[in-house]
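Q: Please take a close look at the local packing in this model. I want the details residue by residue, with cut-offs.
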Amino acid sequence: MRNLITDVAGVKVGSAHDPQLASGVTALIFDAPAVASLAVSGGAPGLRDATLLEADMTVQQIDALVLSGGSAFGLDAMGGVQSALRENGRGFAVAGQLVPIVPGAILFDLANGGDKTFWGEPSYWRLGKEAAQQALKSPSPDFRLGSFGAGHGATLADLKGGLGSASAVTEDGFRVGALVAANAVGQATIGETAHFWAAPYERDGEFGGLGWPAALAESALKLKMKGAEPRNTNIAIVATDAAMTKTQVRRMAIMAQDGFARALRPVHAPMDGDTVFAAATARAKGEVDAIALTRLGAAAADCLARAVARAVFEAEPLPFPGALPSWREKFRR
């Protein structure tokens, strides 16, 4: 176990980012088409091909999922991932053509100091293709966390955000993993301290091992936010190796949203677009009954909370005037 979503069999992850643009893309590629769904709890989501993930839609499996920076411009990234998959013979066969099915979500990182004069080039299409190619070509399941891929330009209210991941095994033997680009309207840490809200779920000191403070100061519960504009959005993927229906995967996505609530304050706000995709690769044996599904959803929520904290813990600050500090820069000088 690497404590990454790639611990789930049948999943590969690739990332690409542009330091000058201060943004990037992360692509999760399935070795074979997977059952998927999603849950949206934020008030300002940015999505592509989300409706087809509903249980009654014709397409039952997808080829990849994409997390991208760039706000609405980042929706181009899914097309770049489609291009890479089509070149590799992947896609839904129809009328003699292959159409890769690649839903995705975007976050807002247009105010982080990078050069956003990219109007003449589909930058995110290029980054999407690069991320997918990396996932398809790399023999290693390892990938970088923090200021990489979709997390490169991500920020919180007071700290640099980033790309995070975590994994676990349920009592039934199913593997579960989470992948997140943490770009919250609020905080992942408690007040002005270095302690993470997700501390009770931490494993093996994965984000510093500080636990919770002995007592919460009154100021710890005071909300600290970026502002009223929709300049945020946490986007995530949870995956399992269990064999599940679309309806079951949808339930796992709904339960996984609790991971955001355990790791961030506030969350699911009007100016957020908090979205969790969920997928099942069906690589593991065993029936998923109501109890097993409950365990999967609970583990997915725990993994997502841990992934958010890891994203912030591993992040590095952007090299621009006025850029937010990273957790390490602020608390480990």
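A: Ser71 sits in the loop between strand 4 (62–68) and helix 1. Helices (H or I, at least four residues) and strands (E, at least two) are DSSP runs, numbered from the N terminus. The model is predicted: local features need pLDDT of at least 70, side-chain atom pairs count only at pLDDT 80 or more, and totals for chains, interfaces and linings use all residues. Residues are numbered from 1 along each chain as its sequence is written, and side-chain values use heavy atoms, with hydrogens and water left out.

Ser71 has a relative accessible area of 18% and is buried (under 20% is buried, over 50% exposed, in between partly exposed; 1.4 Å probe, protein chains only). Leave aside its neighbours within four places in sequence. Ser71 is then in contact with Ile106, Leu107, Phe108, Asp109 and Leu110. Contact means heavy atoms within 4.5 Å.

Two packed helices are described by the angle between their axes and the distance between the axes. Helix 1 covers residues 77–87 and helix 2 covers residues 123–137; their axes come within 6 Å and cross at roughly 40°. Axes are lines fitted to C-alpha atoms over the stretch in contact, and angles run from 0 to 180 degrees between N-to-C directions. Helix 1 is therefore oblique to helix 2 (under 35 degrees is roughly parallel, over 145 roughly antiparallel, 65 to 115 roughly perpendicular, the rest oblique). The crossing of helix 1 past helix 2 is right-handed, that is, the near helix is turned clockwise from the far one by less than a right angle.

From helix 1, the contact uses Ala77, Gly79, Gly80, Val81, Ser83, Ala84, Leu85 and Glu87. From helix 2, it uses Tyr124, Trp125, Gly128, Lys129, Ala132, Gln133 and Leu136. By class, this contact of helix 1 with helix 2 has eight nonpolar, five polar and two charged residues. Gly counts as polar here.

Now the aromatic rings. A pair of aromatic rings is described by the distance of the centres and the angle of the planes. The count comes to five aromatic pairs (centres within 6.5 Å, Trp by its six-membered ring; planes under 30 degrees apart are stacked, over 60 edge-to-face, the rest tilted). Phe196 and Phe207 are edge-to-face, at 5.3 Å centre to centre with 70° between the planes. Both Phe196 and Phe207 lie in the loop between strand 9 (175–182) and strand 10 (235–240), eleven residues apart. Phe196 is buried at 3% relative accessibility. Phe207 is buried too, at 1%.

Phe196 also pairs with Trp327, and this pair is stacked: 5.6 Å centre to centre, 25° between the planes. The pair links distant parts of the chain, 131 residues apart, since Trp327 belongs to helix 6 (residues 327–331). Trp327 is buried as well, with a relative accessible area of 1%. Phe196, Phe207, Phe313, Trp327 and Phe331 form one aromatic cluster.

The loop between strand 9 and strand 10 also holds Thr233. Its phi is near 95°, a positive value in a residue other than glycine. Thr233 is buried at 5% relative accessibility.

Asn3 has a positive phi of about 60° and is not a glycine. Asn3 lies in the segment before strand 1 (11–18) and is buried, with a relative accessible area of 17%. A cis peptide bond joins Arg265 and Pro266, with omega about -5°. Pro266 is in the loop between helix 4 (258–263) and strand 11 (275–280).
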